[in-house]
Each structure stands twice: as structure tokens, then as C-alpha cells.
Amino acid sequence: MSPVTRPIGRRESLAAWLVVSLLVVVAGGVAVRQAFFSPAVAEALKAATGAAATAGSRGGADLIPRLPAALEPMSAPESFDRATLSDKINGRAELYLPAGFVGLRAQRLRMRDDRETWLEVFIYDMGGARNAFSVFSTQRREGAPALGFVEHGYRTGNAVCFVSGRYYVEVVASGTGERVTEIMEALGRALVPAGKREGEGDLGESALFPKEGQVAGSVQLIAKNAFSFGRFDDVFAAKYRDAGVTVTLFLSRRASAGEAADLAEAYRKFLLELDGKEAPAPDGTWLVDMGGSFEGAFSSDRMLAGIHQVEDPAAARKWLEKLRAAVAGGRK
Amino acid sequence: MTPPDGITRRQFVSRGLRAAGAAAATWGAGAWLMHRGRTGSAGGAVAQAIPDFSVPEAGRKMSIVSGADRVKTVRRAVEGLGGISRFVRKGDRVLIKVNAAFATPAMLSATTNPGLAAELIRMCFEAGAASVSVMDNPINDAESCFSLSGIGAAARPAGARVILPRPGLFRRFSLKGGRLIRNWPVMLEPLKGADKLIGVTPLKHHNRSGASMTMKNWYGLLGGRRNRFHQDINGIIMELAQLVKPTFVVLDGTTAMMTNGPTGGSLSDLRATNLMIAGTDPVAVDAFGATVLGLKPSDLPYLGRAVAAGAGTTDWRALNPARARVS
């Protein structure tokens, strides 16, 4: 017997179309949602794999376990990593990222006895004491008095900045005055592990700079791209005053004598390509006239050393010789 | 021959095509509805033009005023352009783009001085503005920035509305001929509701671009993960100059941030340069601002690019700026 067939009614057809349409809408919605990956999922995955804390994330362990009694939290601690550092400090992130930045934790604190005055503490994990010194030194405010509780640190009217091991720390206040300075320094001390002074040996080659004439606090470690030369990384620079003129000397310990010699020659060629002209220089060194200032360098075993932006050619030659003597003396 | 299940091949194909057509139509309708309501990182019709807020009859003007009192110097600076009434008419809806990028105190000069913002607001109302709003899309948390910078607390009592960024204010935008601002979320909705647009920002060093002045101030209109533009900072600043044609701009050089910009952090980064600069050509204003930082315009590549793009001139002297000193 043949199966009984009957035509499909209008209501059945309409119901079928509606169901199909609904299914299409649901399927489409799922497809669209899947196409836009939720950042929340990315963050959850990062946490699951134990990766560093994420952008602006709040809470977590106390940022400052020994918070001075004069202060209370004004906001939750924030955390930033390499991908999100610029969300906090914008263009300044470019100073930290090439210098080995690992993470930043920051928090705002309020003074209990003056609630209009607040401080923000920034703790930059630079991955090593040398990196921390680099970002400290390249942002150092000239002439600022040194802090007594760390080797590398200073205070200004509203800020305290210092190196503590692998960390570079800034405490920035919304006001000034003796009380504010006292509290900033107390906070700074609370952030330095008691009795610990890490990293003093990491800056060894900077001791080779001549002592006489050096501008106090001017030694800086340039992590990358020193003097706009892409191959100059890990370069110490220091300023000197000589008869009213400021000169800059630089030093960099390289992996080998060959590398130091190569780099010295590469820098010379770089300057000549920028329309520099060779100038008379002491034996074993070179000097290039950049039309308004002189650059010069030499290598001595693993050390690459030189002068930067010296206006007077006689001063340029004198400082090249002084530096060469200092480097040779330091190797003995 | 009719198959046993009562449906022929023709019927099957016909029904299948109709089902597919219905599915496609439903999908299309859903997609249209979704994209129409969506802004920010997904979808949305891409806008290609924003209003030109310049006042051509005011001409190319610039004004440089020396003095330490911002309230006095900004009034004098705008007078040097022809007066606020030259730019703001009765009934105008004025939008002031401040720099509220960071949650830092006003004394650090990383953000627009609140007193300066308040004075500009008052001036606009004196000229008959129907409404004045201040806006920015800060780098840090917006509420904290407007609060801790003091801008919010200064703007509201002066009568202005503070517009905080939220997704619904952004629209996808492509700058005509732009390479970077392509299908990018831009805070366009407040601009659509305005008749006049004034930019006001502090004069600062910037670690990446060399300086942060009136052209860079428009960075605060961008949404999304805009830090990617740091890779071509000069290019983006040039495109911002092409994007925005303001009524006029104010560059606050009262305490210029000479180093460690754009955030600064120490009072020792600042110098009391005591200048207030206003102008209808942001490129010219920035070119003068460069000299305050000890730079030549040629030291800031984005200036040259902006000139090449027709956004203005670095020859600020050619504008014959009005000069004044206020005690």
C-alpha cells in the first residue's frame, strides 16, 4: 500500500520558515561572537599559564607590605606588562621596553593627616640591577640631592627616585613641603629590603671614567641606540665640565676585543656617512668633525671608549687622551 | 514518477533554494542590524568626514603673550586673534578638547591646567555660547584623570559638561588619503554635536615624538589600541593635523615640561617659560612651541610632514603674531 501524502499547509510552511530563520540567526550570532575574540578569554588564559599580571589589573598582594603609618591606600594596586605599559605611561614606555622592562606595579596613596595630598608609587621591575640603573640614570634630574638610604637615588621637590636591586622606583607626590618629603623618603625606605644593596658590581666599567671634572650624578647607562647609532647598546656616558665647557665621554665593555674594534670603526663610518669629516686625532684614536662638534673613539682590548659632541677640537683631542689613559690605567 | 516519500527532485531543489534564500535574507538582516548599532572595535559604517570647525573669516592668526597668570594671558592671547566673539557666536555649541591624558596633579603640567580650562569656558559663555563641553579620551582611567588633574572640578562650576569616553561615542573612521587612521575608532559623536572646537594643551617634551603640543592633542580623539601608532608617531601626528580643523588652539607654555615628557613627574622637569600661545594654525603654533623647548621646527619631523600635507606652516613669523606682556 502506498504511503498517504497530503499537501503541506500554509501554516506548516510558515512555521517551518520561522524555525529555519531562527536557527540561522542563532548560528550567525554564534559565528560573529566567535570571530571577535574576547580579551577576557586571553587574560584568563594568561593567568592559567602563570604569565605576568595583566594590564591595569587590580588587587593582588599588597604592593607595599610595610606601608608607613602616615599613608593609606587611595586606589587598588595596578599592574602592567610589556604589552600594556604605555597604557600607564604613554610615550615614556619607549624608555623602559628596550632596557629590559618586565613589569610595573603602581598604587596611589593618600596622606592620613592631609587628605588633599596624595602620592603615587611606581615600581618598575627591570629584570636586573644594570637595567634598573639604566632607566634611572637616563631620566635623572640634574643637581637633585642624593638619597641617603640607597646608592643610586635622589629627591626633588615632589618626587623620590631610586634603584633597589632590579627595581627602579619612583614616588611622585601631588604636593611639596617638608612633611611630604619626609613621608616620601619613609615610603622609599619601606620599599628597600633591609640591609640589601644589590647590583653594585654591575656597573663596574663606569669606574674607569676619569674622576677629575666629572659632573656629579651625570653617569648614565644608555641601553640602546646611544647617540642615534643603532649598534651602540649598553653604553655608559658621563658629563665633564672643563673651562666652562661641557663634554661627554662614553665607555662600553664589549664581548671581545674584536667586537670593540669593529664597533669603533663602524661608528666612525656611520659619522662619515652623515657628512662628517676626518680630523687630526691622537694616535690610536679617530676624530670626526660633524660641523659644529666633534666625535671621537678608540678601542682598548674589550673597551670601546670615546667623546661625544665636543665643540672644540683641541678639547676633543685632550679628552680622548685623558680617557685613553684612564682606560689603560684601569686595566692594570 | 512520484517517488515514495511524496517529493520530486524538482520540489526538493525548489524548497532547498527557498530555504537557502530565507537563511541568507535573515542573516543579512541580522548583520545589518548588528553593524548599525555597533561601534568601537567592530563594525559600523566607516565615516570619512568630520566637520571643519575653522572660521575662515578670522584668517590665519597667531598670538604670543608673556606672563605668569594663565587667566590673564589666555584672555589676552585670544584678544590677539581678534577676540572670542570672532570665533564663538551666540547659540554656538562649543567643544573644548583638553589634555586630560594622565591622572596626575595639575602642578606637574602633564595635563591642561584646570584654571586655564575654566577661563576658556567662561570666555565662551561670555560670547554667547549655548553650551560648552570638555572632552578627552585619556591614557589612564578617564574618571581618575578628570578628577585628579583637577579639570573636572574646574570645568563643571564654570558651566561646562564633562564628556567621558564610552563606546557609544566612537565611530569607525577613515581619513581620506590616510595610511594610519583607517577604519579606526574615533570619538566622533561629541564632534557631531558641536559648532566650534577649541584645543587647549600644555607645552611638553615627549620622549617619542620630541614634543607634545597642539597637534598631538588630537591623539585624545582616538580609541582602540592606539599605542600601536607610537611606531610611526610622526605619521600619526601628521594625520591628526589633517583630521581636525579646529576653531583655534591654545598652547600653554606657562610652565613648559622641558624633559621626561609626556608624563614628567617632577617639578624639576618644568621651567617657568611664562608664555601663552594661541592661533588658528596649529602647525605654526607648534613650530613656535618647539623653540620654547630649545628645538628647531626641523627637529620635529611631524611638523615638516604636516606642512607637506598642507595642514599649515612652520613659518610662524609669517603670521605676524600679536605680541603682548601681562603682569
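This is a predicted model: local features need pLDDT of at least 70, side-chain atom pairs count only at pLDDT 80 or more; totals for chains, interfaces and linings use all residues.
Residues are numbered from 1 along each chain as its sequence is written, chains are lettered from A and ligands numbered from 1 in the order in which they are written, and side-chain values use heavy atoms, leaving out hydrogens and water.

For the overall picture, I recorded 9 helices and 12 strands in chain B, taken as DSSP runs (helices H or I, at least four residues; strands E, at least two) numbered from the N terminus. The C-alpha trace of chain B spans about 105 × 40 × 40 Å along its principal axes.

I then turned to strand β7 (residues 196–206) of chain B, which is largely enclosed by the rest of the structure because 10 of its 11 residues are buried. For pairing, I required at least two DSSP bridges between two strands. Strand β2 (residues 93–97) of chain B runs parallel to β7(B) and is joined to it by 4 bridges, with B:Lys97 opposite B:Gly199. Strand β9 (residues 248–257) of chain B is also parallel to β7(B), through 6 bridges, and here B:Thr201 has B:Leu251 as its bridge partner. Strand β8 (residues 210–212) of chain B instead runs antiparallel to β7(B), with 3 bridges, and the two form a hairpin with 3 residues between them.

Definitions and conventions:
Buried means under 20% relative accessible area, exposed over 50%, partly exposed in between (1.4 Å probe, protein chains only).
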